[in-house]
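Please read it alongside the sequence and the coordinates.

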Amino acid sequence: MLRAELIERAARFRTSDEDPSRDLQSCPSLVLNADYTPLSYYPLSLWPWQTAIKAIFLDRVDVIESYDRHVHSPSLDMKIPSVIALKQYVKPSEFPAFTRFNLFLRDRFSCQFCGSQSHLTFDHVLPRRLGGRTTWENIATACAPCNMKKGGRTPQQAGMQLYAEPIRPTHWQLQQHGKQFPPNYLHETWRDWLYWDIELEA
């Protein structure tokens with residue numbers, strides 16, 4: 001994705017007049033770690049408002065920003081939090097779990113042979129029949145047509161070139177890749193806590 005397109009997408013923050021916060025179910029809280037960075041970029045770390053309020057009462061989070069919406073009960077009247085931060089830092093594991101989602105995120109949701117983003121699956125670079133294992137270093141994202149074309153051969157045997165050799169990514173690397181996929185909905189109060197490494201347009 002071009003930098004200009006990423007900036008444009010990331011800058012589409014909803015204002016309080018435009019967002020669907022009139023519906024309580026559309027008031028998620030952005031969850032930050034104790035260092036005020038998102039727990040996750042993709043998927044973006046969000047909690048339902050009920051979970052966020054429970055965490056407030058359990059004294060596990062600090063409220064950073066709030067929606068212009070209140071919840072009421074006989075003994076309670078409080079604004080719904082839009083940004084919260086954990087009081088105790090959660091140290092991410094150095095290496096993420098080996099899952100289909102994380103594999104696709106490592107490869108930026110693109111076929112590593114042709115670049116297609118449709119009909120994605122995964123391919124054993126060294127086929128299992130030749131002793132290939134199901135590991136980070138031997139699995140690449142592939143679209144179904146490229147997977148069929150390669151079949152049970154190595155890329156060299158099939159005359160196909162990988163864009164990048166598969167690696168075991170770190171948590172940090174996946175976070176950086178996640179920044180390339182801004183969600184469709186971004187509330188204005190999240191602006192200061194997301195995508196600080198790019199310039200947002202007014």
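## Strand pairing around strand 5

Strand 2 and strand 5 run parallel and are joined by 3 bridges. This description rests on a predicted model, and every value in it is computed from that model. One of the residues involved in the pairing is Leu 30, whose bridge partner in strand 5 is Val 83. Leu 30 also has a bridge partner in strand 3, namely Leu 46, and strand 2 and strand 3 pair in the antiparallel sense over 2 bridges.

Strand 5, which spans residues 76-86, is also joined to strand 4 (residues 61-73), here by 9 bridges and with the two strands running antiparallel. Within this pairing, His 70 stands opposite Lys 79 in strand 5.

| Strands | Sense | Bridges |
|---|---|---|
| strand 2 and strand 5 | parallel | 3 bridges |
| strand 4 and strand 5 | antiparallel | 9 bridges |
| strand 2 and strand 3 | antiparallel | 2 bridges |

Which residues of helix 2 are buried? In this helix, which covers residues 49-57, they are Trp 49, Ala 52, Ile 53 and Ala 55. These residues lie on the same side of helix 2, because they cover an arc of only 160 degrees around the axis. On the other side of helix 2, Lys 54 and Phe 57 are exposed. Just after helix 2, Asp 59 takes a positive phi of about 60 degrees.

## Backbone angles in the loops

Most residues other than glycine have a negative phi, and most peptide bonds are trans. Tyr 42 and Pro 43 are joined by a cis peptide bond, with omega about 0 degrees, and Pro 43 has its place in the loop between strand 2 (29-32) and strand 3 (46-47).

Arg 108 has a positive phi, near 55 degrees, and Phe 109 likewise has a positive phi, near 55 degrees. The loop between helix 3 (100-106) and strand 6 (120-124) holds Arg 108, and Phe 109 is also placed in the loop between helix 3 and strand 6.

Leu 130 lies in the loop between strand 6 and strand 7 (139-143), and its relative accessible area of 39% makes it partly exposed. Which residues is Leu 130 in contact with, leaving aside its neighbours within four places in sequence? They are Thr 154 and Gln 157. Leu 130 and Thr 154 are 24 residues apart in sequence, with a C-alpha to C-alpha separation of 9.1 Å in space.

The largest pocket has a volume of about 260 Å³. Its lining consists of 15 residues, of which Thr 37, Pro 38, Pro 92, His 171 and Gln 175 lie nearest the centre of the pocket. By residue class, the lining divides into 8 nonpolar, 5 polar and 2 charged residues.

## The chain as a whole

The protein chain contains 6 helices and 8 strands, and along the sequence these follow the pattern α-β-β-β-α-β-β-α-β-β-α-α-α-β. Of the 202 residues in the protein chain, 41% are buried. Among contacts with a separation of 6 or more, 64% are accounted for by residues 24 or more positions apart.

How values were computed:
Residues are numbered from 1 along each chain as its sequence is written. This is a predicted model: local features need pLDDT of at least 70, side-chain atom pairs count only at pLDDT 80 or more; totals for chains, interfaces and linings use all residues. Side-chain values use heavy atoms; hydrogens and water are left out. Helices (H or I, at least four residues) and strands (E, at least two) are DSSP runs, numbered from the N terminus. Two strands pair if DSSP finds at least two bridges between them. On a 1 Å grid over the protein atoms alone, a cavity is a set of points where a 1.4 Å probe fits but cannot get out, and a pocket is an open set with protein on both sides within 12 Å along at least five of seven lines; lining residues have an atom within 4 Å of a point. Grid points are joined across faces, edges and corners, and a volume is the space filled by probe spheres set on the points. Ala, Val, Leu, Ile, Met, Phe, Trp, Tyr, Cys and Pro count as nonpolar, Asp, Glu, Lys and Arg as charged, and the others, Gly among them, as polar. Buried means under 20% relative accessible area, exposed over 50%, partly exposed in between (1.4 Å probe, protein chains only). The arc is that of the directions from the helix axis to the C-beta atoms. Contact means heavy atoms within 4.5 Å.
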